[in-house]
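Hi everyone, thanks for coming along. Let me put the structure up on the screen, and then I'll walk you through it piece by piece.

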Amino acid sequence: MSSLRFAAVGDNCIDRLGAPIGRSLVGGNALNVAVQLARLDHYSFYFGAVGCDAEGERTRAELEANRVAVEHLRVGQRNTAWTDIKVLPSGERLIAAENFGACAGYAPDEAELAILGTMNHVHIGWLDDGGALRRRLSRAGVGVSQDISVNADPADLGVEGLSIVFCSTDQPRDAAEAMAADFLSRGAGCAVVMRGAEGSMALTARGRAETGTRPVEVVDTTGAGDSFIAGFLHAWLARKPLVQCLESGRDHAALACRHLGGFPQEGMPH
């Protein structure tokens, strides 16, 4: 498959993992997807905002180290976003607190919108714009996906015009399938439901596919869903069958579980 031009728009953050891990890592849905697509040898561009602080500089450095284009990384006056993650004895991760910092209120300007219109595909992470970017890109005929599980405000949860909507749930299979069918009825072209250890499923108007997980020795699940998205998009843009798109997502998520964070990085003590 030849390299494509992907852009990821929206959130970045410093994931601060509590004891017993005690390390901080650069992450965020949009940023992780951008990095993983670059690691798949695509031209990857990140559009978002960081603070004018050491964590913002650290975020830029990690993007550059992973060959993600950063000319559209905006430096704002607020702090770089952060997320405190509690590590339970079972290994499960829970968000204990978060601060969206410079990400809050971020939106691409007109010049950046024109550049986004040249991409083969645009993925949106957390973005508190009431769906404005999704609608703008859809009207322009740009393929666009979004992970609505990282949003919470109903104004940011629309799916109309999305080529692909991604979401995560721990609901039973029937409920997950009903959720996917609802997304299609509301205007999404493809609905992908990530179900953690239960695997994943995808629905389009033409068919349905499902796959399980790939066994792996889990180090950290942080960012596994973001890696799934990158793997799915990689196969989707190559016009692979739906089940192969899920398998590509599954395999990349499994790889992400073998290291701390959404992509390999040294991290810092926290």
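Predicted model: local features only at pLDDT ≥ 70, side-chain atom pairs only at ≥ 80, totals over all residues.

With that, let's start from the record. UniProt, in an unreviewed entry, places the feature "domain: Carbohydrate kinase PfkB" at residues 26-99 and 170-261. The span 170-261 is 45% helix and 16% strand, and its end C-alpha atoms lie 21 Å apart. Residues 26-99 come out at 31% helix and 41% strand, with 14 Å between the end C-alpha atoms.

Now to the strands. β2, residues 13-17, is mostly covered, with four of its five residues buried. What does β2 pair with? Strand β3, residues 23-27, runs antiparallel to β2, and five bridges join the two. In that pairing, L17 stands opposite R23. The two strands make a hairpin with five residues between them, and G22 in the turn has a positive phi of about 60 degrees. β2 also pairs with β7, residues 82-87, this time in the parallel sense over four bridges. There, R16 has D84 as its bridge partner.

Next, the packing. The largest nonpolar core has 31 residues, and those with the most contacts inside it are V9, F47, L116, V122, L133, V165 and F183. Which residues does F183 touch? Leaving out residues up to four places away in sequence, they are I148, V159, V165, C167, A188 and A191. Another core, of 23 residues, lies apart from that one, and V33, I164, M194 and L233 are among its members.

The buried residues of α7 are L242, C245, L246, S248, G249, R250, H252, A253, A254 and A256. What covers them includes β12 (190-194), β13 (200-204), β14 (207-211) and α6 (224-236).

R250 brings me to charges. How many salt bridges does the structure hold? Twelve. In one of them, R250 pairs with D251, with the closest N and O atoms 2.9 Å apart. D251, at 25%, counts as partly exposed.

Another salt bridge joins D41 and R67, at 3.6 Å between the closest N and O atoms. D41 sits in the loop between α1 (29-39) and β4 (43-51), and R67 in the loop between α2 (54-65) and β5 (68-69), so this pair ties together parts that are 26 residues apart in sequence. R136 and E110 also meet through their side chains, at 2.8 Å from N to O. That pair links distant parts of the chain, with R136 in α4 (132-139) and E110 in α3 (110-116), 26 residues apart. R136 is partly exposed at 35% relative accessibility, whereas E110 is exposed at 51%.

Finally, there is a network of salt bridges that links R173, E177, R208 and E210.

Conventions: Residues numbered from 1 in each chain as written. Heavy atoms only, no water. Buried < 20%, exposed > 50% of the residue type's maximum accessible area, 1.4 Å probe, protein only. Contact = heavy atoms within 4.5 Å. Salt bridge = Lys/Arg side-chain N within 4 Å of Asp/Glu carboxyl O. UniProt positions renumbered as here; feature names shortened; annotations may be inferred. Core = buried A, V, L, I, M, F, W, Y, C linked by side-chain atoms within 4.5 Å. Pairing = 2+ DSSP bridges.
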